[in-house]
Amino acid sequence: MELPFAESWRIKMVEPIRTSTRQEREEWIRQAHYNLFQLPAEQVYIDLLTDSGTGAMSDRQWSAMMMGDESYAGARSFFRLRDAIHRITGFEYVIPTHQGRAAENVLFSALVKAGDIVPGNSHFDTTKGHIESRKAFAVDCTIDEAKDTQLEHPFKGNVDIAKLDNVLAENADKVPFVIVTITNNTAGGQPVSLQNLRDVRAICDKYGKPLVLDSARFAENAYFIKTREEGQEGRSIKEIVLDTFALADAMTMSAKKDAIVNMGGFIATRRAEWYEAAKVYCIPFEGYLTYGGMNGRDMEALAVGLDENTEFDSLHTRIHQVQFLASLLDEYGVPYQRPAGGHAIFVDASKVLPNIPKEEFPAQTLTVELYKEAGIRSCEIGYILADRDPVTRENRFGGLDLCRLAIPRRTYTDNHMRVIAAALRNVFERRDEITRGYRITEEAELMRHFTVKLAPAE
Ligand code: F0G
C-alpha cells in the first residue's frame, strides 16, 4: 500500500483553543456590529482572518531568537539577516522594516511622486494605498482569466503583457517602476510563472523601466513554478527563487508570510542609488539602518525562517493542506476561485449565497454565517473592502465578492480543515433560507472594512 502524505514536522508546543455555542456567537457577532475584525480573538475557534504573522515558528527560529544582538547600531543580527537575504535573493542592499507596508512606505517615498503611474498585477491594498496617497495611480494589468473564478489556469496571477505594454507605450515617462506581486494575493493567492516574469522584464527593458517584486509569498510562488511550469520540476526552490529575483531590481517583503515570523519586513535591491534614496526615509519612519523597526532577535528568526521556508518539504506540507481543504470543498460543491491558491481559499460568495443582493454584501454575509455556524473567522475580500468610488461615492460593485479562508502556516491540522469544510457545506446547504444580508450603519472613508459597523438588512 502506498503510504499517505504527512507533514514534514512534528509538534513541540501547543496553544489551546475553544469552541463556543451558537447562542454565544450570535451575541458576540452582534456586539461586534457584524464585522469580524471587531471580535476579540478569544471568541474565535479557528482563525482564518489572515496568514500574516499567524504562523508557528520552528524550534530553530525560537532558538535563534536567543542569539539576538540588540545593539542600536551595527547589530550582528542585522548582518546575519542581510547575508541570508543576499544568499537567497541575490540582492546586495537590505533595509529592514517593521512589516511589508513599511517597506512600501520607505521605498515609495523615494520613488513615487504625484501623477506617476505604477502598473502591476492586482496591487495589494496597502501597496495601492501607498501609491494613491502620493496622488499617483496603480494600474491593474492582471490577465482577464483571473476574473472568472471557475476557470482553471495554472498561473492566474500573471500579468497581461499586452495590457502592460499599452500602459507603458502611452505613459512611459510617468512610470517610475513596474510592480509584480508574487503570489497575487488579491486574485486569490494565484501564482505568476517564471516565463511571465521574463516577459514582464522584457517589456520593462523595452521602455527602460525597473521591476519591483512585492514578494510576501515568493516561496509559495516558487513552489507553483516548480510543480506547474514546464522544465522547472527538476529544480530546487532555492534555484527558482534566485532566478525569480534575478529578473527584478528590488523587492518589498512582508516577512509575516513566507518568512514565518510574527512581525517583520524588508526592502532588498541591487540598485545602489535606490538604497541611498530609501535610506533617507528609513531613519525617520522606521529607525536606524541596522534595525529598521525590528528587534535583533526578530531579525535572527527572520533569517532562519527565510532559509527554512525555501525548502520544498516545508512548502509542500503547506500547500498540500490548502489543497486538501479545496478537495473537501470540491466534494461538497462549494464554489471558490479555482485552482486553490497558495495561502488561502477564496470562496465565491455570489455563487454560495445567490439570494443576497450585492447591496447587502454577500461575501460579508458569508463571513458572518460561517462565524455563527462554527466560530470560524474568515475575511471579506469583496464589495466592502473595495470601498466607495472617490468621485461618485457609490459602492464599487465591479470586482469579485469573495470570502477568504487564509490558512496560517504550521498552525492548524487537517482535522481543522475538515471542520472548516463541513461548516461551509452547512451554510451552502441552507443557502435558500439565507435571504437577507447586511447594511452599513457607520464607515470610514478609506479602508472601511477594518472598522465598518453593520446591521441586518430589513
Ligand atoms: N503585499 C502583499 C501581497 C500582502 O499580502 C500584504 C499583507 C502586504 C504587502 C503588506 O504587508 O501586512 O506586513 O504590512 N497582507 C496581509 C493579508 C495583511 O492578510 O493578506 P504587511
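Arg271 is partly exposed, with 24% relative accessible area, where partly exposed is the range between buried (under 20%) and exposed (over 50%), using a 1.4 Å probe and protein chains only. Its side chain meets that of Glu273 in a salt bridge (3.0 Å, N to O); such a bridge is a side-chain nitrogen of Lys or Arg within 4 Å of a carboxyl oxygen of Asp or Glu. Glu273 is partly exposed too, at 46% relative accessibility.

Please keep in mind that this is a predicted model, in which local features need pLDDT of at least 70 and side-chain atom pairs count only at pLDDT 80 or more, while totals for chains, interfaces and linings use all residues. Residues are numbered from 1 along each chain as its sequence is written, and side-chain values use heavy atoms, leaving out hydrogens and water.

**Salt bridges**

- The structure holds 43 salt bridges.
- Lys12 pairs with Asp59 in a salt bridge, with 3.3 Å between the closest N and O atoms. Lys12 sits in the segment before helix H1 (22-31) and Asp59 in helix H2, so this pair ties together parts that are 47 residues apart in sequence. Helices here are DSSP runs (H or I, at least four residues) and strands likewise (E, at least two), numbered from the N terminus.
- Lys12 is exposed at 68% relative accessibility, whereas Asp59 is partly exposed at 47%.
- Arg201 forms a salt bridge with Asp249, and their closest N and O atoms are 2.9 Å apart. Because Arg201 belongs to helix H7 (residues 194-207) and Asp249 to the loop between helix H9 (237-246) and strand E7 (250-254), the pair ties together parts 48 residues apart in sequence.
- Both partners are buried: Arg201 has a relative accessible area of 15%, and Asp249 is at 8%.
- A network of salt bridges links Arg22, Glu26, Glu369, Lys372, Glu373 and Arg430.

**Around the ligand**

- There are 16 residues around the ligand, of which Thr50, Arg101, Ser254, Lys257 and Arg404 come nearest; a residue counts as near if one of its heavy atoms lies within 4 Å.
- By class, this shell has 1 nonpolar, 8 polar and 7 charged residues. Nonpolar covers Ala, Val, Leu, Ile, Met, Phe, Trp, Tyr, Cys and Pro, charged covers Asp, Glu, Lys and Arg, and the others, Gly among them, are polar.
- Helix H4 (residues 100-111) gives the most to the shell, with 3 residues.
- A polar side-chain atom of Lys257 lies 2.9 Å from a nitrogen atom of the ligand.
- On its own the ligand has 480 Å² of accessible area, and the protein covers 93% of that.

**A buried threonine**

- Thr127 is found in helix H5 (residues 125-132) and is buried, with a relative accessible area of 0%.
- Its side chain makes a polar contact with the side chain of Asp214 (3.4 Å). A polar contact is a pair of N or O atoms within 3.5 Å; within protein, one must be able to donate a hydrogen and the other to accept it, and residues adjacent in sequence count only if both atoms are side-chain atoms.

**An exposed tyrosine**

- Tyr72 lies in the loop between helix H2 (59-65) and helix H3 (76-89).
- Tyr72 is exposed, with a relative accessible area of 55%.

How values were computed. Accessible areas come from the Shrake-Rupley method with a 1.4 Å probe; for residues, only the protein chains shown count as cover.
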